[in-house]
Amino acid sequence: MAVKKFMYVNRKAPYGTIYALESLEVVLIGAAFDQDVSLAFIGDGVYELTKGQKTEAIGQKNFSPTYSALGDYDVNKIYVEKESLEERGLTLDDLQHLVWEDEDEDWAEKDSIRLVSRSELADVMAEQDICLSF
Amino acid sequence: MTLLHTVNKSPFESMSFDTCLGYAKDGSTVLLIEDGVYAATTGNSAADKIKNASGVTFAVLGPDLQARGLENKLADGIKVVDYEGFVNLVAEHDSVQSWL
Amino acid sequence: MKFSIQINEGPYQHQASDTAYQFARAALAAGHEIFRVFFYHDGVNNATKLAVPPQDDRDIPKLWSELSKENDLDLVVCIAAAQRRGMMDVDEAKRQGFEDNNLNEGFRISGLGQLIEAGIESDRLVVFGA
């Protein structure tokens, strides 16, 4: 079966609505299908990746640690839009450090997050076969 | 590859329209549906952004425009399509990104 | 051409399901095939058989059910999203120990893999949401 390019477009902040959590569930299931997967974090979607999330007091499950497991599912193309981060007064230091291990290079640890401009991400998006938005 | 973008939010309520324009490359089409059609009227503050986005085709879903009483306020240069036209746009482009 | 549709919102609160329905009808009328309609997030609520909208309003769950019957449409409700929101078919209700079930005719409950498969098998996937 031909491999398709799937992009999961994440544009919503976590906890206030369920979209972030349920789209992460699709990514995890989708990983089993061996497609060419990338994730885009645009707009408020960048808030999904902040480190230090503590959710006990709002009575919801903290699902942010799951992002750091994506590398183990071969989901390692995680595009974060630079403009969205800057508009929100954030830098990469405010986000979780997501890594994956490259089997072809003796399991060298590599960064999964690619900080890209809106126009660079637009080019990546234009190459996709499927854009799943939530 | 060409992309069809859909926007279903009013440009006055959400960033979706502005964000979409940042992603709409030459040769792509932006289709305004549901509350997204409010960007398609004359004299609104989003109108200039549509005018300035050269290389991008703009379309609006006619039934949504009619439902909102704005058929006579449609800005120049925006193509009106019905649901069949929506289907055709999806078929004519390589993929679809919905800016929800 | 082969289309699939993803619906992220329930009926009435948002226009998403209405637009998706009109789109599906137009696609079928134009001779396209609809491989699957996948209901996710609150979209699973489109599958209820217990909705009783006012007589002068459209019955969205029924419209989908009828469209499915007429065109042999595959309407798939995400099981994880459905379990969260109390959408059950007969078997699932039994398994969970409930006497009642609420899944409308024409819909079936299945996993998220069905959405990915729809993406793989279809020429286009169109997402409707809010």
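Trainee: About 340 Å³ of space lies in the largest pocket. Why is a space called a pocket and not a cavity?

Mentor: On a 1 Å grid over the protein atoms alone, a cavity is a set of points where a 1.4 Å probe fits but cannot get out. A pocket is an open set with protein on both sides within 12 Å along at least five of seven lines. The 340 Å³ space is a pocket, so its set of points is open. Its volume is the space filled by probe spheres set on the points, which are joined across faces, edges and corners. This is a predicted model: local features need pLDDT of at least 70, side-chain atom pairs count only at pLDDT 80 or more, and totals for chains, interfaces and linings use all residues, while side-chain values use heavy atoms, leaving out hydrogens and water. Residues are numbered from 1 along each chain as its sequence is written, with chains lettered from A and ligands numbered from 1 in written order.

Trainee: What makes a residue part of the lining?

Mentor: An atom within 4 Å of a point. For the largest pocket, 21 residues line it, with R11(A), K12(A), D44(A), S16(B) and L100(B) nearest its centre.

Trainee: How do you know that D123(A) and K25(B) meet in a salt bridge?

Mentor: The rule asks for a side-chain nitrogen of Lys or Arg within 4 Å of a carboxyl oxygen of Asp or Glu. Here N to O is 2.2 Å, so the pair qualifies. The count between chain A and chain B is one salt bridge.

Trainee: How many residues does each chain bring to the contact?

Mentor: Chain A brings 17 and chain B 15. Contact means heavy atoms within 4.5 Å.
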